[in-house]
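Please keep the sequence and the 3D view open as you read.

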Amino acid sequence: REAITGQEEFFLPDADWCVLEQELKNQALLPIAYNVLKRGCVPKGEFRDNWIGFIIQHISTWYRTLEVQNELVQILTESGYKFVIMKGFANAALYPKPEIRSTGDVDFLVQIEEFDEIYQLLKKKGFEPTGEGDAGKHHMNLKKDDVLFEMHKRPAGTMRKKSKDNQ
């Protein structure tokens with residue numbers, strides 16, 4: 001709650017930090033504990049140092065991913081395409097410290113009619129197809145500077161209405 005609201009929370013001095021760390025890792029939420037670590041709630045020592053090291057590495061990766069995402073935004077904007085960034089970075093804006101929001105890739109939605117055109121443009125600009133994704137259904141994966149992008153032609157779980165000719 002502290003990571004999301006920014007309000008300081010109370011922690012029991014006898015908390016099992018190893019169990020908490022593992023649960024946060026399992027849920028991809030470990031970086032949100034940054035404020036708690038910063039306040040000194042976790043006992044000093046190798047465990048705390050390793051945890052802080054992981055969070056610093058995560059924040060560095062987050063900023064690198066954001067930098068490459070900004071390159072994507074610039075390319076698409078300058079080319080006049082309409083698109084929207086979804087999930088990870090869009091949700092991160094809701095956190096008091098956006099860089100603590102875990103994200104593994106950058107999902108973006110383009111207009112279905114422009115999907116193939118944008119895909120070709122991004123390949124010319126150095127975004128490499130990964131061979132993964134599902135171009136026939138709703139997305140394709142591309143990679144740039146070790147950052148994974150999922151280009152969606154429709155939100156996951158939605159289906160395009162079938163015409164009489166396409167049933």
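1. Start with a term. A salt bridge is a side-chain nitrogen of Lys or Arg within 4 Å of a carboxyl oxygen of Asp or Glu. Keep that cut-off in mind for the pair discussed below. Note also that this is a predicted model.

2. Which residue forms a salt bridge with lysine 144? The partner is glutamate 71, and the closest N and O atoms are 2.6 Å apart. That distance meets the definition, because the limit is 4 Å. One salt bridge is found in a search of the whole structure. In general, side chains of opposite charge can pair when their charged atoms come close.

3. Where do the two partners sit? Glutamate 71 is in helix H4 and lysine 144 is in strand E4, so the pair ties together parts that are 73 residues apart in sequence. Their surroundings are worth checking too. Glutamate 71 is partly exposed, with a relative accessible area of 28%. Lysine 144 counts as buried, at 12% relative accessibility, because buried means under 20%.

4. Now the overall layout. The chain has six helices and five strands. Along the sequence, their order is α-α-α-α-β-α-β-α-β-β-β. The chain has 167 residues, and 37% of them are buried.

5. Look inside next. The largest nonpolar core holds 20 residues. Leu72, Phe108, Leu122, Phe149 and Met151 touch the most other members. Two or more core residues come from each of H4, strand E2 (106-110), helix H6 (115-124), strand E4 (139-144) and strand E5 (147-152). H6 gives the largest share, five residues. As background, nonpolar side chains tend to be buried together in soluble globular proteins.

6. Is leucine 76 buried or exposed? Leucine 76 is buried, with a relative accessible area of 0%. This leucine belongs to helix H4. Compare its place with that of leucine 121, which is 45 residues away along the chain. The C-alpha atoms of leucine 76 and leucine 121 are separated by 8.9 Å.

7. Which residues form a negative surface patch? They are Glu67, Glu128, Asp145 and Asp146. Glutamate 67 lies in helix H4, which spans residues 46-78. At 59% relative accessibility, glutamate 67 counts as exposed, because exposed means over 50%.

Notes
Residues numbered from 1 in each chain as written. Predicted model: local features only at pLDDT ≥ 70, side-chain atom pairs only at ≥ 80, totals over all residues. Heavy atoms only, no water. Patch = residues over 30% accessible without salt bridge, like charges linked within 9 Å, V, L, I, M, F, W, Y side chains within 5 Å. Areas by Shrake-Rupley, 256 points an atom, 1.4 Å probe, with all protein chains shown as cover. Lys, Arg positive; Asp, Glu negative; His and termini not counted. Charge placed at Lys NZ, Arg CZ, Asp CG, Glu CD. Helix = DSSP H or I, 4+ residues; strand = E, 2+ residues; numbered from the N terminus. Buried < 20%, exposed > 50% of the residue type's maximum accessible area, 1.4 Å probe, protein only. Core = buried A, V, L, I, M, F, W, Y, C linked by side-chain atoms within 4.5 Å.
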